Structure formats: C-alpha cells, structure tokens
Amino acid sequence: MAEQADDATGAINDKNPLEPHEVIRPSWPWLLLLGSAVAVLSAIIRIAECGESLWVDELHSAWAIAGRWDQVAARAAAGNQTPWYFWLLRVWTNTLGSSELMLRMPSVLALAATSGVLVVAAARASGRWMIGVLAGGLLAIDLNAIYFGSEARSYGLVILSATIAVWAAVELADPHSAGRNRWRWTLWLACLFGLLMHPTAGLVLAVVVAAGWIWSRLADAATAWKAIVLVGSAAAAVGAFAVNAFVVSRVWQQRDHWNTFGVPQSAWDLWTMWPWTIVAIPIGVWAIAVLAARCFGEQPQNRQRLQVWPFLLSVVLAGTLACWLLASYAGVPMWHRRYIVGLMPLVAWATADAWAAAIDRLPRRLRFRGAGVVWGALAMVVALMGLLYDQQTATLWRDNRVTLRAEDWRGAAAWLNQRRAPGEPVYVGAELIESNQLAELDPADPQYESIRQYLLFPVSGPYAIEGAEPLGLAAQSMRHDLRKMLTDAPENHSPEDRSPDVRWMIYRIAEPQLNQLYLHANQPTLAAPAIRFTEGMTQGFGALTVVRLETRRD
C-alpha cells in the first residue's frame with residue numbers, strides 16, 4: 001500500500017517514496033502564523049531579562065544618545081562604534097523613552113524577528129513546518145541569543161541581517177525558488193545593513209557570500225550564482241566601509257588594545273564558542289540512518305530538496321576558524337562571540353535541517369503514516385531539551401540571583417549616593433581599554449576633557465554620580481591613583497576640621513580580585529604614607545565593587 005502524508009508535516013507525500021519528487025512547501029499564511037508565534041515567544045523570553053541593570057557597554061549606548069544630535073557620532077566613535085545604530089536608537093528613544101526596557105527593545109525585536117525568519121526559511125528549505133519551528137525555537141531559547149537579544153547594542157540587528165543574507169543565499173541556490181532578482185537585492189541590502197551596524201559583521205557576511213557562490217556551483221550549474229551577485233555584495237561591503245572609514249581606521253590603529261580579551265587561549269576555544277553537541281547529534285543520527293539503509297539494501301527517499309545543513313555548517317565552521325586564525329596568528333584580536341555573532345542563528349538552522357535530513361534517510365520500516373509528525377516532534381524534544389541542558393538556561397529562569405551580565409551599576413550608584421556626604425570625592429575605574437590614556441595627556445591638551453568625559457560615561461547617564469573623576473586600569477595604576485587621591489584633601493574639609501577624610505571608588509572588578517590588587521598596591525615599602533591612617537570598606541555588586549576609604553586626620 002502506498003504511503004500517504006500531510007504536506008504540512010513534510011512527511012512522505014507521493015505514491016512511491018523512492019521516486020524523485022519536488023518537496024511541497026508549507027503555505028505562506030501557515031508559515032507566517034508559525035513564525036509570528038515563535039517570534040512572540042522569543043520576545044517574551046528576552047523581555048523577562050530586560051530588568052537587569054545596564055552593563056558598561058550598554059551604558060555607553062545610553063551616554064552616546066544622551067547628548068545633542070551632532071554629538072552622537074563622536075560619542076559612538078569614542079567607544080569604537082559606528083554611528084548608524086546609535087542614530088536609530090536615538091530616534092527610537094526620542095519616540096518611546098529611554099528606560100532600560102526601551103533601550104533594549106530594538107535588540108529584543110531584532111532577535112524575535114530573527115526567530116520568526118528562521119521558522120519561514122528553514123520550513124521552506126526542508127518542506128517541513130516542524131523543522132522551521134525547531135530552528136526558530138532553538139534560537140529563541142539559546143542562552144547567547146537571549147544575551148544579545150536583550151542588550152542595548154547593535155549585535156541583535158547584525159544577527160537579523162546575517163540571517164536574512166543567508167536565507168537569500170539559500171533561495172538563490174534553490175532551483176525551485178522564484179524571484180531571483182528580489183533575493184539578490186535582499187542579499188545585498190542585508191550585507192549593507194549588517195556592515196553599517198558593525199564592521200566586524202564583514203567577516204561572517206564575506207564567508208556567507210563566498211560559501212554560497214561555491215555551494216551553488218557544486219549543487220547545480222544551472223542555478224549557480226551569476227557574477228552580479230558577487231559584484232553587488234562586494235559593492236555593499238565597499239560602500240559600508242567607505243562611510244565608516246573613520247571608525248574602521250581608528251579601530252585598526254588601536255587594535256592592540258583588544259589583546260586583553262580578543263585573543264584565543266587555545267584551540268579548545270573553538271569548541272566552546274558554539275553548542276556543537278546539539279549539531280552533532282542529528283548528524284550522527286543521519287549517519288546511522290544512512291548505514292542502516294545500506295545494510296538493509298534500501299534506497300533512500302529521493303525528496304528533491306536542497307540539503308541546506310552542509311552549507312550552513314560549512315559557513316559556521318569557516319567563519320569560526322577564520323576568526324580564530326586571525327586572532328591567533330594575524331594580529332587581529334577579534335576572538336569574541338560578539339564579533340562573529342551572525343553565525344549564531346546558522347547553528348540553530350543547521351541543527352534543524354540536519355534533523356530533516358536524518359528523517360529523510362530513515363529506513364522504510366520506520367516510515368509510516370504520520371511519520372513526519374512523530375519523528376519531527378521527537379527531534380524537537382531532543383534538540384530543545386538538549387540545548388537547555390547544555391547551556392543550563394533553566395538556571396537563569398529558576399534562580400533570581402543568576403544574571404546575564406553581573407554588573408549592577410544601578411545598585412552600586414544608588415548605594416553610594418545614599419551614603420555619600422556632600423563634597424566627598426568619588427573615583428570611577430570603569431576598566432575600559434582606554435582607561436590609561438588620560439594619564440598620558442597634559443590637562444591642557446584639547447583631547448584631555450573629551451577622554452575624561454568618555455571614561456566617566458558609566459556614571460554620566462541613567463545611573464549618575466555627581467562630581468566623579470576617572471581612574472586608570474587597576475592592575476597598572478592603582479598605586480599611583482591611591483597616592484594621588486590620598487594626597488589631595490577633600491574639598492569639604494577645612495584645615496581646622498579634624499574629622500576623617502572619606503573617599504569613594506567604584507571599580508569594574510569583582511570584590512575578591514580588587515582586594516588582592518589593593519593589598520598589592522599598598523605594600524609597606526611602596527604605599528602612600530597616608531595609607532597607614534586609612535581604613536577601607538568594600539561592597540560588591542556582582543562584577544563591581546564600591547570602596548569607601550576613611551583617612552584619619554591625626
């Protein structure tokens with residue numbers, strides 16, 4: 001008896017499963033409905049994490065858009081960022097307010113949209129709506145995607161643009177896809193937008209375009225990309241880099257500053273970058289299914305669909321390896337997940353499509369009426385639960401003490417402001433890569449004041465502390481900074497006043513590490529004389545520490 005199936009499930013839908021046939025894609029209304037549902041779920045998950053305090057990078061975003069319109073670009077450049085995201089954020093906050101939720105909402109919506117796009121793209125490529133839901137669902141619950149999808153930075157929009165670019169590449173390589181000119185323009189505009197948001201998106205997008213060109217030629221010469229696709233993509237890249245030339249050249253000249261965090265420690269870092277186990281499981285099932293079919297002497301189902309997971313996996317592998325090699329051997333310290341964040345949704349899509357390929361290769365005895373629904377549901381359970389277990393995401397939802405960023409600037413500023421007396425000096429060590437630049441300049445230098453204001457941005461925005469002064473990097477300049485601040489008398493004390501001098505410090509360093517640095521800086525033979533009369537008290541706020549120094553005036 002011939003096997004029958006529902007087109008929507010993507011199960012076997014012809015009279016002879018061994019005869020070639022074209023995959024019937026789920027309808028657009030059905031896909032849009034599913035994509036919208038997954039997008040809403042993704043948004044809800046991320047909104048729940050938007051109540052955390054802004055961390056230092058997000059505080060830069062808030063500071064960059066808080067000034068005049070003509071200051072936005074300069075403030076963005078001070079933080080080594082291009083201005084386009086900040087202009088968009090300025091328009092957004094001018095309309096809807098600048099609360100923590102509203103600052104993060106563009107990224108929330110971008111990741112929600114990406115999850116919805118994955119549903120549609122993966123379902124169209126596989127012919128199974130459940131595979132689309134799996135792809136979008138994996139991104140919705142991915143811990144790193146939750147992080148970038150609830151952060152007031154440009155990376156959420158980079159993720160969205162990279163996903164759209166890959167979808168366009170897949171459609172251009174599919175012989176059954178219509179509207180090639182439309183997909184070319186989609187690819188070009190996605191590349192341009194992603195590069196405008198952040199120049200490091202160029203590495204991922206370059207790999208996508210190069211791999212797409214190679215893949216299309218290997219898949220079917222009749223559908224190979226024309227040269228215009230490569231030319232248009234290159235033009236988009238050149239245009240984006242041209243308008244961002246000032247920031248790109250500035251970052252390139254200062255790239256050594258990123259050596260503290262942008263260089264991999266070992267090849268093991270390649271494994272820890274992405275949840276590779278989640279991708280490996282369906283590929284293993286696919287390999288076992290292929291071997292089992294050969295042992296039983298069966299022909300596989302010949303569903304004439306585009307095998308997308310090898311392309312997606314090759315892009316993820318090539319992009320990740322290229323970033324690792326550039327950071328390890330080429331003097332380009334960009335080994336950080338945020339700089340290749342556009343690969344993240346491809347991991348989810350590759351996992352889902354690999355499950356579709358595994359289901360396609362199941363032996364005949366495992367193919368029955370409704371098999372698409374049964375095996376698709378099993379794939380969803382294994383993949384989604386496996387990702388939750390691998391990343392321990394449930395801990396974030398179960399324990400209110402667990403946070404994504406662990407920098408409670410809001411709590412630290414409020415605690416200090418409640419206890420600080422008028423006139424007591426405050427010093428802020430934001431531990432930025434530019435923190436030591438101020439000590440190298442003369443106060444009369446025109447750049448001095450602009451750098452000083454930049455170093456104080458964490459306490460110049462929503463968590464303001466009046467009258468603060470910047471500190472250098474603690475590991476290098478704490479001894480010098482302590483000598484200076486203990487020598488200078490607070491403005492609120494007259495010579496006749498014998499009450500203790502009180503000074504405050506905020507360091508972006510966890511309390512145990514800061515205590516060690518403080519003891520090292522105040523060795524008896526090296527410390528400032530006043531340190532003998534100074535007592536310190538610390539209060540931790542996650543990765544921040546507030547220090548209160550009290551010096552007796554004997």
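Analyst: Here are questions on confidence, a helix and a sheet, with each value set against its definition.

Analyst: This is a predicted model, where local features need pLDDT of at least 70, side-chain atom pairs count only at pLDDT 80 or more, and totals for chains, interfaces and linings use all residues. Residues are numbered from 1 along each chain as its sequence is written, and side-chain values use heavy atoms, with hydrogens and water left out.

User: How do you know what confidence the chain has on average?
Analyst: From pLDDT, the predictor's confidence in each residue, from 0 to 100. The chain averages 87, and 88% of the residues score at least 70.

User: What makes residues 1-22 a stretch to treat with care?
Analyst: Their pLDDT stays under 50. Where pLDDT is low, the predicted coordinates should not be read in detail. The model does have 53 contacts (heavy atoms within 4.5 Å) beyond four places in sequence for residues 1-22.

User: Why is H5 called a helix, and how does its span compare with the expected one?
Analyst: A helix is a DSSP run of H or I with at least four residues, a strand is a run of E with at least two, and both are numbered from the N terminus. H5 covers residues 100-126, which is 27 residues, so H5 qualifies. The expected span is 1.5 Å times one less than the number of residues. H5 reaches 39 Å from its first C-alpha to its last, close to the 39 Å expected.

User: Where does H5 bend?
Analyst: At Pro106, by about 35°. That is the angle between axes fitted to the seven residues ending there and the seven starting there.

User: What makes H5 mostly covered?
Analyst: Buried means under 20% relative accessible area, exposed over 50%, partly exposed in between (1.4 Å probe, protein chains only). In H5, 24 of its 27 residues are buried. Gly127 follows H5, with a positive phi near 80°.

User: Why are E3 and E4 called paired?
Analyst: Two strands pair if DSSP finds at least two bridges between them. E3 (residues 426-429) and E4 have 3 bridges, so they pair, and they run parallel. In E4, Ala468 is the bridge partner of Val426, and Glu469 stands opposite Tyr427.

User: How many bridges link E3 to E5?
Analyst: 4, also in the parallel sense. Gly429 stands opposite Tyr507 in E5.

User: Which way do the residues of E3 point?
Analyst: Val426 and Val428 point one way, Tyr427 and Gly429 the other way, and all are buried.

User: What is the strand order of the open sheet?
Analyst: E4-E3-E5-E7-E6, 5 strands with mixed pairing. The edge strands are E4 (468-470) and E6 (534-541), since each pairs on one side only.
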